[in-house]
Amino acid sequence: MVFMVLDGPELESDYFNFEALNIPAHHPARDMMDTFYVKDKAGEKADMVMRTHVSPVLVRAMQKYGAPIRCVIPGRVFRSEAIDASHDHTFYQMDGLVVDKNISISNMIAVMKELLRGIFKKEVKVRVRPGFFPFVEPGVEIDIQCTICEGKGC
């Protein structure tokens, strides 16, 4: 699909992890991120964090390549979470970015359907619905039908 696959630092500056993504110090999304802040040698809070998402690489990509651009960023991220059966402090995430003329949410949905078809090696029924994320607008969520029971209930 002609996307560049990019990577970036896991130890990230506060600027790239938050500020450059329009998440200032008072923004509620910072509380949701449960960030690992890195301290300097004197034990003071430094301006570095373990990246809480791969989105800082989007900023770096726009600075380096400009528009138009088509890229995906798979990568490891870190959040200071209580570990249980469905949460860990380290997990993988993937962001995608397309900036060009005549691009819409419909294009994103088509790309996601193609991605799911490639992963599951078959058509997957999807539901697209509005989703609230304090750092994205508009926000959408894509749910997939169970690929094991095909929606009949496992």
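1. Largest pocket, main contributor. Strand β6 supplies seven residues to the lining of the largest pocket, the largest share. Helices (H or I, at least four residues) and strands (E, at least two) are DSSP runs, numbered from the N terminus. The model is a predicted one: local features need pLDDT of at least 70, side-chain atom pairs count only at pLDDT 80 or more, and totals for chains, interfaces and linings use all residues. Residues are numbered from 1 along each chain as its sequence is written, and side-chain values use heavy atoms, with hydrogens and water left out.

2. Largest pocket, lining and volume. The volume is about 1,700 Å³. The lining has 35 residues, and Met94, Asp95, Gly96, Leu97 and Met108 lie nearest the centre. Elements giving two or more residues to this lining are β5 (69–78), β6 (90–99), α4 (105–120) and β8 (140–144). By class, the lining residues are 23 nonpolar, seven polar and five charged. Here Ala, Val, Leu, Ile, Met, Phe, Trp, Tyr, Cys and Pro count as nonpolar, Asp, Glu, Lys and Arg as charged, and the others, Gly among them, as polar.

3. Pocket terms. The search runs on a 1 Å grid over the protein atoms alone. A pocket is an open set of points with protein on both sides within 12 Å along at least five of seven lines, and lining residues have an atom within 4 Å of a point. Grid points are joined across faces, edges and corners, and a volume is the space filled by probe spheres set on the points.

4. Overall layout. The protein has four helices and eight strands. From the N terminus on, the order is β-β-α-α-β-β-α-β-β-α-β-β. The C-alpha trace spans about 55 × 40 × 25 Å along its principal axes. Of the 154 residues, 29% are buried. Buried means under 20% relative accessible area, exposed over 50%, partly exposed in between (1.4 Å probe, protein chains only). Among contacts with a separation of 6 or more, 54% join residues 24 or more positions apart. Contact means heavy atoms within 4.5 Å.

5. The three-stranded sheet. The sheet is open, with strand order β2-β4-β3 and antiparallel pairing. Its edge strands are β2 (11–13) and β3 (37–39), each pairing on one side only. The twist averages 50 degrees from one strand to the next. For that angle, axes are lines fitted to C-alpha atoms, for helices over the stretch in contact, and angles run from 0 to 180 degrees between N-to-C directions. Strand β3 pairs with β4 (residues 45–50) in the antiparallel sense over three bridges. Two strands pair if DSSP finds at least two bridges between them. Valine 38 stands opposite methionine 48 in β4.

6. Helix α3. In α3 (residues 56–65), the buried residues include Pro56, Val57, Leu58, Val59 and Ala61. Their cover includes β2, α1 (14–17), β5 and β6. Leucine 58, in this helix, has a relative accessible area of 15% and is therefore buried. Neighbours within four places in sequence aside, leucine 58 is in contact with Cys71, Ile73, Asp95 and Leu97. Leucine 58 and valine 72 are 14 residues apart in sequence and 8.6 Å apart in space, C-alpha to C-alpha.

7. After α3. Glycine 66 comes just after the helix and takes a positive phi of about 70 degrees. Alanine 67 and proline 68 are then joined by a cis peptide bond, with omega about 0 degrees. Proline 68 lies in the loop between α3 and β5. Most residues other than glycine have a negative phi, and most peptide bonds are trans.

8. Positive phi outside glycine. Valine 2 has a positive phi, near 60 degrees. It is found in the segment before β1 (4–5). Valine 2 counts as exposed because its relative accessibility is 73%. Asparagine 22 also has a positive phi near 60 degrees. Asparagine 22 is found in the loop between α1 and α2 (28–33). At 64% relative accessibility, asparagine 22 counts as exposed.

9. Aspartate 14 is found in helix α1. Its relative accessible area is 12%, so aspartate 14 is buried. Leaving aside neighbours within four places in sequence, aspartate 14 is in contact with Glu19, Arg30, Tyr37 and Asp47.

How values were computed:
1 Å grid on protein atoms, 1.4 Å probe; cavity = no way out; pocket = protein on both sides within 12 Å on 5 of 7 lines; lining within 4 Å.
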